[in-house]
Amino acid sequence: MSTPGELEAQAAGSRAGRGRLARVRGNDYRVLQPPDGFIPELTVSVIIPAYGGQDKLDLVLAGLARQTYPAELTQVIVVDNGSTPPLRLTEARPARTRLIVCADPGRAAARNAGLAEATGDVIHWLDSDVVLTPGAIEAHMRWHHAAPYVVVTGYIRFTSAEVPARLPDDLDKHFEPAEPHAWIVDLVERTNGLTDNPQRPFSLHVGGATSVNARLVAAAGPMDEELILGQDTEMGYRLSQAGAVFVPEPAARAYHLGPTMRMRDKQPIDRVSHALVADRIPAYRWLRGHPGRQWKVPYVTVVVDGTAGYDSVRATVDALLAGTTPDISVLLLGPWDDLQHERRAPLRDPDLDLVLVRGHYRHEGRVRLSAAEDVDPAVPFVLRLPAGWIPGEDSLARLLDLARDEGLGLVNVLLDESSQGVVAGRLERLSAFARARIVAEPGEDLDDVVDAVSGVAWVEAETYGFTTEAASPLGRRSAYRARVEAQADAARLAAEAARLAKEAERLREQVAKWREEAGRWRKTAVELRREVGALRRQLSAVTRTQKSLRGLVSTMKRTLGRRLRT
């Protein structure tokens with residue numbers, strides 16, 4: 001693996017020939033704008049691991065012989081991984097094609113063997129059953145001429161067509177209809193082409209048809225031969241840590257001859273892959289659900305000055321280890337190898353505090369004592385925290401959430417400010433700093449470049465729970481009891497919620513009955529009003545009849561009176 005100094009020197013050489021390097025923020029590669037009519041200058045090494053399948057390999061080599069990218073800039077390395085009978089090179093192949101043998105079984109070993117022989121500026125991984133369309137490599141190299149830190153993946157279509165004896169002139173006509181690489185298409189579509197701050201753009205690094213700048217490969221290191229499966233993704237993660245930008249290129253088209261192993265056996269493959277990559281890819285948080293175990297690559301490393309006094313160091317480190325982020329390692333810096341343990345008068349030992357720090361944490365698995373800051377470059381985040389400043393239980397988790405959600409490369413924690421200056425903690429995203437080192441101009445402040453490629457923020461210590469007052473860490477038994485009490489409270493609340501829900505349902509039923517009864521009452525009231533109206537009309541008729549009868553009686557009385565008088 002290249003050192004940071006070597007990488008900066010390589011970047012400086014590229015910058016001298018090409019001018020200022022473009023600065024991609026996050027994974028938004030659209031600022032690169034590679035030209036269609038570029039002048040090919042970079043060489044490319046196509047590495048093809050193969051185990052059997054001579055008929056398919058012949059077609060793959062024939063497809064490479066038809067590429068529009070200059071043949072003199074193209075190197076092809078076929079790695080025979082122990083085939084019986086041994087593989088051979090067909091006549092229909094690029095001029096600069098070599099066949100080497102790798103006796104160690106496994107695709108990772110074969111690719112590493114090809115990588116050791118590669119001389120190209122760009123490494124193009126290609127499977128022995130993937131036929132490139134004529135303009136595929138040119139579409140890849142267009143991006144590599146625009147920036148020296150890109151990883152480009154083409155679009156593979158899976159064909160079930162019969163494998164022909166020779167490569168057809170019209171690939172589409174012969175191999176279509178074919179199925180797209182659904183997983184990659186979905187990833188690209190839901191992240192706006194991987195430009196919308198995707199959390200895991202490195203997942204695009206698949207070995208079937210992906211090209212990588214050789215500098216990035218040198219920085220990340222070769223493929224992990226210990227892995228049974230998932231080597232492509234794991235290397236993609238390390239490329240991301242080295243500062244890579246991941247680009248999906250639809251114009252780089254290819255046909256996969258038949259289904260992949262994953263398409264045939266996805267569930268058992270995921271079972272094997274997830275069991276091993278969880279240790280190496282901290283970004284796959286869902287694979288690290290265990291609340292307390294340690295992993296090969298921690299999610300965050302905290303760097304603390306171990307010479308700042310035993311009490312201050314212990315307060316800080318113990319608080320970190322007791323926090324809600326268990327996926328952590330602590331690097332204590334100090335002259336540990338030079339300490340001499342004073343045995344006759346230990347209390348007068350001038351290095352007593354260092355001796356105490358070393359003795360206190362020597363056997364703690366998550367703490368490492370070192371004289372130099374040698375942080376694993378695969379760790380996603382590094383927190384630099386002055387000893388004596390004590391994070392709250394959830395402080396680190398909240399800082400990580402902020403950096404992850406906002407895509408920030410640096411979060412500064414303002415701990416103290418006085419006439420003597422500013423005291424601050426720093427949460428650094430290592431991939432952002434790696435990218436910044438590649439594109440930085442000589443003498444330019446690296447934090448400013450990180451701000452350009454990823455973003456920088458300042459937060460207040462008090463807001464995120466940092467203090468100088470030590471408190472007893474919440475022990476495991478206390479945490480267990482608190483969790484049990486919380487679960488009991490949650491059960492009580494759930495029971496009360498169920499009771500209230502039942503009571504609410506009863507009241508709803510009662511209201512429904514009342515509404516039904518009110519409806520009947522309204523109907524009865526309408527009928528009563530109708531009956532009262534009818535009775536009123538009858539009463540009016542009777543009243544009129546009575547008046548008529550009274551008038552008739554009066555008339556008869558008057559008539560009878562006149563007759564009696566006469």
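Modeller: A helix here is a DSSP run of H or I with at least four residues, numbered from the N terminus. The model is predicted.

Colleague: Which helix gives the most to the lining of the largest cavity?

Modeller: The lining includes Ala319 and Leu320, and also Ser395, Leu396 and Ala397. Two elements give two or more residues to this lining: helix 11 (310-321) and helix 13 (395-406). With three residues, the top contributor is helix 13.

Colleague: How much space lies in the largest cavity?

Modeller: The structure holds one cavity of 30 Å³ or more. The space in the largest cavity is about 50 Å³.

Colleague: How many charged residues does the lining of the largest cavity have?

Modeller: Asp, Glu, Lys and Arg count as charged. Glu393 and Asp394 are among the lining residues. By class, the lining has five nonpolar and five polar residues, and the charged ones number two.

Colleague: Are helix 14 and helix 15 roughly parallel or roughly perpendicular to each other?

Modeller: Helix 14 (residues 430-439) packs with helix 15 (residues 446-453) at an angle of about 110°, and their axes are 9 Å apart. Angles of 65 to 115 degrees count as roughly perpendicular. The two helices are therefore roughly perpendicular.

Methods
Residues numbered from 1 in each chain as written. Predicted model: local features only at pLDDT ≥ 70, side-chain atom pairs only at ≥ 80, totals over all residues. Heavy atoms only, no water. 1 Å grid on protein atoms, 1.4 Å probe; cavity = no way out; pocket = protein on both sides within 12 Å on 5 of 7 lines; lining within 4 Å. Points joined across faces, edges and corners; volume = space filled by probe spheres on them. Axes fitted to C-alpha atoms, helices over the stretch in contact; angles between N-to-C directions. Parallel < 35°, antiparallel > 145°, perpendicular 65-115°, else oblique.
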